[in-house]
Amino acid sequence: MAVTLFYLVMARKIVQFCILFQSIFCLGQQIMVDQNYTVEELVKDILVDSGCAQTFNFQSSTGTIEGINGIGYFNSNGSNFSYGEGIVISSGNVLDAVGPNNFTGSSGSETWLGDSDLANITGTSNLFNASYISFDFISLTNRISFNFLFASEEYQDDFQCTFSDVFAFILTDSNGNSTNLALVPGTEDLVSATTIRPGVSGICEAQNIGFYGRSNNDDSAISMAGMTRSMVAASEVTPGEVYSIKLVIADNLDSALDSAVFLEGSSFSTDVGLGEDRTVQNGQPLCIGETYELDATSTGALSYQWYRNNQRLPQFDDTPVINISQDGTYDVIVDFSSTCSFSGMIEIEYVPAPHVENTPLDLTTCDFDNDGEEAIDLTQNSPLILGNQDAGIYQVNYYRYNRDAENFENEIERPNRYFPSQTQETIYARISSGNSCYEIASFIVNLRQISFEASLEEEYMICVDEEGFPIGDLPVLDTGLSTIDYSFTWYYNSYDSEGQIQNENDSTHSAMSPGLYLVEITNLQYGCSNLLLTSVSAIPPPTLFEIDILSDLFSDVHTVSIRTENNDSYMFAIDNGTFVENPIFENLVGGKHTAHIQNIYGCEIYSQDLFFVDYPRFFTPNGDGINDTWKIDGLTEIQNPEITIYDRFGVIQQQFQGEVEWDGTRNGNQVLASDYWFKISYENTEGVPKEYKSHFTLKR
């Protein structure tokens, strides 16, 4: 972060050093700035210009140590600037505020310090180049206000994301209590380049964009890169009390790139506060039949004139306090002398008094997992309470205590997910149009502890064929709960009417397809529900089923290994043997066998025959149908087999290819009972010629 800030500061220094010269042209399209006004003249003649406020004790500070004046008078000079005239206070040379925006104002240095009052009230450190004016005043009225806008060279490149040049309007009462009036309207945000900004794509987002005015260019009235819209700083004050106000601005993090605040001339006004508007929009209308007091009492007032919707109310002439019962816009004009009068305004709106149209229902939620916490939706009662009353005017709010409902405070923040803290609570519902007339109704929330243990598993398996259709037994989704205590509604893939499985209301369900299954269980005693979920996954047929013979040809016993796509998910068997996890089988005799595989979830068994090349150790060609011939089994499993049989003297008795049976004859004549030898020539799987010799016995 420190490195990044270093480079940002260096970039700003380069911008500063690149300014070789600047000229001030007071053209018709740019503002004019005059530095020759005293602070008293700026305050009395330009900013206040009112006989209703006494001003004195004028002070100022700017870049005198640098030979720079950051305070001056400005005039729009026929341009389209927001204000006709006023005061400009800058963190640089005030003359640099003159447009157009064809150079970068960056006067001052770090020897021109910041301001401790500004740092303390804004919480902003590393301030430089502070300028301010301050004065004391006594108001005859109970409210002051003035108009201002902020402009800055920080609204270029991505400096608006980091450099928070800041200012404040510090109002201090006679007890030393200070308040900053320079806030973004409706927020607690300071007004600065970082809090009101258009944003920079990929670096920082826009902030309070509704108060950003424009980015300036070479036809602008001022030279700052960007500016806010006009805003109002206002505060209630006590008539006759001495206040001080300090209007101060400074650079942040470094001394480069100037900022300025423009105060509209004659906008420092004193008026009477009649209180906040009482309307539906601001959440506090009055109710029909209700009388409301408007108090404009002002010490030293000579007369009062009241108006409703711009129509004079002569019956209230010279009356500081009036009571009203009709809606409308009310104005009062209070005269102190021929040179001092002020006004106040308030908007009043009346609506029918709200009422609880239907008694709210007591609500129950069940703690199924018995952890002492379970949410309930209190707003289930809102439609009952509201009835046919206009939801655009009236709202229902919920409270834990009746006193809070009456005082319109400490509302339950998330009534749609309220967690009762006791087994039984009273909730208070207030129907009103904000902080106005209201009616309160109460209802009970019950938290029921339920001993709840379901046996529904997280996942089940369903066997399917190559086309995805179920085969074999269907998985049974079992909640393990009793239909005496609960009712059940089953859903497939979605918890809505489309997903509901019709006529399935038992504690179990046989799943016919893979997917997500949901079951809503409702406790029959208390009527509250809970949702259980499980998934059913498809088990398709194996895509791989191979048998590897690990033993040599003509072994006395054989070993095989069975392979499928995921051996851990399958069980294996040979012939009629038991299914086991180990896919390797040993001590298998020669001849034909059958290998079987079945997945661990008990789906369909898949089988495959296998042969071991082997030969009989004897045969008895006596016509009894048992061992009457001799042949080598499994020759189809080897390549190009050729068999030669010969006696002990080497005389060939028979020669053939493939699985041909020998009946113990030579040239049609029976040979003698004896031992005979054979030789088989073949090729292995790599095509290499091989030969095997052995013997057998012929018995008669």
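1. Which cysteine does a disulfide join to Cys 366? The partner is Cys 528, with an S to S distance of 1.4 Å; a disulfide here is a pair of cysteine sulfur atoms within 2.5 Å. The torsion about the S-S bond is -55°, which goes with a left-handed link for Cys 366 and Cys 528. Cys 366 sits in strand E23 (residues 363-367) and Cys 528 in the loop between strand E31 (515-523) and strand E32 (529-539), so this pair ties together parts 162 residues apart in sequence. Helices (H or I, at least four residues) and strands (E, at least two) are DSSP runs, numbered from the N terminus.

2. A word on the basis of these notes: the model is predicted, local features need pLDDT of at least 70, side-chain atom pairs count only at pLDDT 80 or more, and totals for chains, interfaces and linings use all residues. Residues are numbered from 1 along each chain as its sequence is written, and side-chain values use heavy atoms, with hydrogens and water left out.

3. Searching the whole structure gives 4 disulfides. One of them joins Cys 161 to Cys 204, with S to S at 2.0 Å. This link is left-handed too, at -60° about the S-S bond. Cys 161 is in the loop between strand E6 (143-152) and strand E7 (166-172), while Cys 204 is in the loop between strand E8 (178-180) and strand E9 (212-215); the two are 43 residues apart and link distant parts of the chain.

4. Another disulfide joins Cys 463 to Cys 603, with S to S at 1.6 Å. Its torsion about the S-S bond is about -85°, so the Cys 463 and Cys 603 disulfide is left-handed. Cys 463 belongs to strand E27 (residues 459-463) and Cys 603 to the loop between strand E37 (591-599) and strand E38 (606-612), so parts 140 residues apart in sequence are tied together.

5. Are these cysteines buried or exposed? Cys 161 and Cys 204 are both buried, and Cys 366 and Cys 528 are buried as well. Cys 463 has a relative accessible area of 8% and is therefore buried, and Cys 603, at 7%, also counts as buried. Buried means under 20% relative accessible area, exposed over 50%, and partly exposed in between (1.4 Å probe, protein chains only).

6. The Cys 463 and Cys 603 pair returns in the lining of the largest cavity, where Val 464, Ile 471 and Tyr 606 are among the other residues. Ala, Val, Leu, Ile, Met, Phe, Trp, Tyr, Cys and Pro count as nonpolar, Asp, Glu, Lys and Arg as charged, and the others, Gly among them, as polar.

7. The second largest pocket has a volume of about 210 Å³. Its lining includes Arg 143, Glu 236, Asp 271 and Met 345, and the lining residues divide into 3 nonpolar, 3 polar and 4 charged. For both kinds of space, a 1 Å grid covers the protein atoms alone: a cavity is a set of points where a 1.4 Å probe fits but cannot get out, and a pocket is an open set with protein on both sides within 12 Å along at least five of seven lines; lining residues have an atom within 4 Å of a point. Grid points are joined across faces, edges and corners, and a volume is the space filled by probe spheres set on the points.

8. Thr 564 is in strand E34 (residues 558-564) and is buried, with a relative accessible area of 7%. Its side chain makes a polar contact of 2.9 Å with the side chain of Glu 565. Such a contact is a pair of N or O atoms within 3.5 Å; within protein, one must be able to donate a hydrogen and the other to accept it, and residues adjacent in sequence count only if both atoms are side-chain atoms. Leaving out residues up to four places away in sequence, Thr 564 touches Pro 542, Leu 544, Tyr 570, Phe 572 and Ile 597, where contact means heavy atoms within 4.5 Å.

9. Thr 122 lies in helix H3 (residues 116-122) and counts as buried at 12% relative accessibility. Its side chain reaches the backbone oxygen of Leu 118 at 2.6 Å.
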